[in-house]
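Subject: The structure I promised you

Hi,

My notes on what turned up follow below.

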Amino acid sequence: MPGSGTRTFLDHDRYEASLRQAQIELVVTSPGAFRARLTWAELHHSQLLRCEEDFPRIGYVSLAPRLVFVGFPAHSGTLPVWGGRQLQAGDIMFHSRGERLHQSTPGPSIWSVIALDPVQLDNYGRALSGKPLSSPPEGRVLRPSLRNAARLKRLHAQACRLAETRPRILAHPQVARAIEQGLIHALVTCLTAAKVEEDGTAKRHRVRIMIRFEEVLAEHLSRPLLMPELCQLIGVTDRTLRSCCAEFLGISPTRYVLLRRLRQVRIALRDADPGTANVAELARRFGFTELGRFAEAYQAVFGEAPSTTLRRAPETLFAGP
């Protein structure tokens with residue numbers, strides 16, 4: 001998104017579409033009204049995001065390889081699980097280029113992102129620390145000092161507050177440059193002085209299993225997958241897949257597959273012409289042949305009947321500026 005600003009979303013599909021650089025597929029894990037607020041700012045060499053979400057969910061994130069991403073919880077309330085690791089207050093995720101990972105939250109959460117051009121990150125690293133600074137070959141959790149982490153969070157929050165309330169001030173080149181320099185100085189300090197939480201070989205293997213899990217689902221969302229077939233396609237045992245899903249997603253693989261398929265039907269219903277589309281036909285497209293059970297499961301997850309989603313005007317998926 002060019003410039004800066006903020007927007008509130010009432011539908012997770014539209015919210016996902018706004019996170020273009022950090023592509024994310026959201027699965028809401030409990031019924032209830034969806035509401036998210038996204039604040040963004042583009043400075044000279046960096047992009048900032050502040051994501052406020054009022055619901056528990058699982059996200060499968062695919063980061064744009066042309067940028068370097070750093071993410072962290074904006075407060076110590078509901079802390080997320082990123083890449084199968086329960087974050088602690090003050091932790092920072094330093095992502096690898098083009099990283100794919102799962103990110104789950106058990107409740108309402110606020111998370112922050114800084115995206116930079118890799119050349120600029122290297123230049124800032126050399127200028128501020130005397131050493132080159134590039135993204136790691138694999139994503140890692142950093143644990144900076146409480147003071148350094150608090151400074152980074154504070155500066156990020158201040159910049160996003162300006163984007164939300166005074167975007168014209170933030171658009172001034174000198175103001176944007178001053179804010180960016182302070183923010184990146186704090187970021188480089190955290191990246192170069194923090195303790196690194198290393199992942200072992202077994203952990204990295206489970207990460208690869210979960211990525212393969214998503215690849216298999218993407219290829220077979222048009223039909224239900226039973227556990228034996230799913231495990232065979234991934235190349236793991238039933239026990240291993242269940243253990244990985246519990247660690248990374250907090251739910252069973254069967255439940256996750258169902259939620260992913262229901263999500264695809266919801267997208268199809270949202271984008272369809274209510275004058276010509278048919279709920280039963282769209283449900284069957286994704287392997288739901290027992291329409292009574294489908295409607296019941298859909299209502300339980302999204303809090304409304306499939307026909308209500310089909311009839312809703314696209315404009316109601318946003319709330320305010």
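A quick definition before anything else: two strands count as paired if DSSP finds at least two bridges between them. With that in hand, look at β4, where Glu 53 is the bridge partner of Ala 36. Keep in mind throughout that this is a predicted model.

**The whole thing**

The protein has 12 helices and 14 strands. Its C-alpha atoms fill a box of roughly 65 × 45 × 30 Å along the principal axes. Buried residues make up 50% of the 321 residues. Now take the contacts with a separation of 6 or more: 75% of them are between residues 24 or more positions apart.

**Around β4**

Back to that strand, which covers residues 46-53. Strand β3 (residues 36-42) is joined to β4 by seven bridges, and the two run antiparallel. They form a hairpin, with three residues between them. β4 also pairs with strand β11 (residues 109-116): eight bridges join these two, again antiparallel.

In case sheets are new to you: strands of a sheet pair through backbone hydrogen bonds, either parallel or antiparallel. Here, five strands form an open sheet in the order β2-β5-β10-β7-β8, with antiparallel pairing. Which strands are at the edges? They are β2 and β8, as each pairs on one side only.

Let's follow β5 through this sheet. Strand β2 (residues 22-28) pairs with β5 over seven bridges in the antiparallel sense. You can trace that pairing by finding Val 28 opposite Arg 57 in β5, and then Leu 26 opposite Gly 59 in β5. β5 pairs with β10 too, over six bridges and also antiparallel. There, Tyr 60 has His 102 in β10 as its bridge partner. How many residues of β5 are buried? Six of the seven are, so β5 is largely enclosed by the rest of the structure.

**Helix α6 and His 220**

Helix α6 (residues 201-220) is the one that holds His 220. At 1.5 Å a residue, the 20 residues of α6 should span 28 Å; the end C-alpha atoms are 29 Å apart, which agrees. Its buried residues are Lys 203, Ile 209, Met 210, Ile 211, Phe 213, Glu 214, Val 216, Leu 217 and His 220. What covers them includes β5 (57-63), β8 (85-86), β10 (100-105), α7 (227-234), α8 (238-248) and α9 (253-271).

Is His 220 buried or exposed? Buried means under 20% relative accessible area. His 220 has 17% relative accessibility, so it counts as buried. A polar atom of its side chain lies 3.0 Å from the backbone oxygen of Val 216. Leaving out residues up to four places away in sequence, His 220 touches Leu 225 and Leu 233.

**Helix α2**

One more helix to look at. The 12 residues of α2 (residues 118-129) should span 16 Å at 1.5 Å a residue, and the end C-alpha atoms are 16 Å apart, which agrees. Its buried residues are Leu 121, Asp 122, Tyr 124 and Gly 125. They cover an arc of only 165° around the axis, which puts them on the same side of α2. A handy rule here: an α-helix has 3.6 residues a turn, so residues three or four places apart point the same way.

The buried residues of α2 pack against β6 (68-73), β9 (92-94) and α5 (173-193). On the other side of α2, you'll find Val 119 and Ala 127 exposed.

At the start of α2, a side-chain oxygen of Asp 117 reaches to within 2.8 Å of the backbone nitrogen of Val 119. Just after α2, Gly 130 takes a positive phi of about 80°.

Happy clicking!

How values were computed:
Residues are numbered from 1 along each chain as its sequence is written. This is a predicted model: local features need pLDDT of at least 70, side-chain atom pairs count only at pLDDT 80 or more; totals for chains, interfaces and linings use all residues. Side-chain values use heavy atoms; hydrogens and water are left out. Helices (H or I, at least four residues) and strands (E, at least two) are DSSP runs, numbered from the N terminus. The expected span of a helix is 1.5 Å times one less than its number of residues. Buried means under 20% relative accessible area, exposed over 50%, partly exposed in between (1.4 Å probe, protein chains only). The arc is that of the directions from the helix axis to the C-beta atoms. Contact means heavy atoms within 4.5 Å. A polar contact is a pair of N or O atoms within 3.5 Å; within protein, one must be able to donate a hydrogen and the other to accept it, and residues adjacent in sequence count only if both atoms are side-chain atoms.
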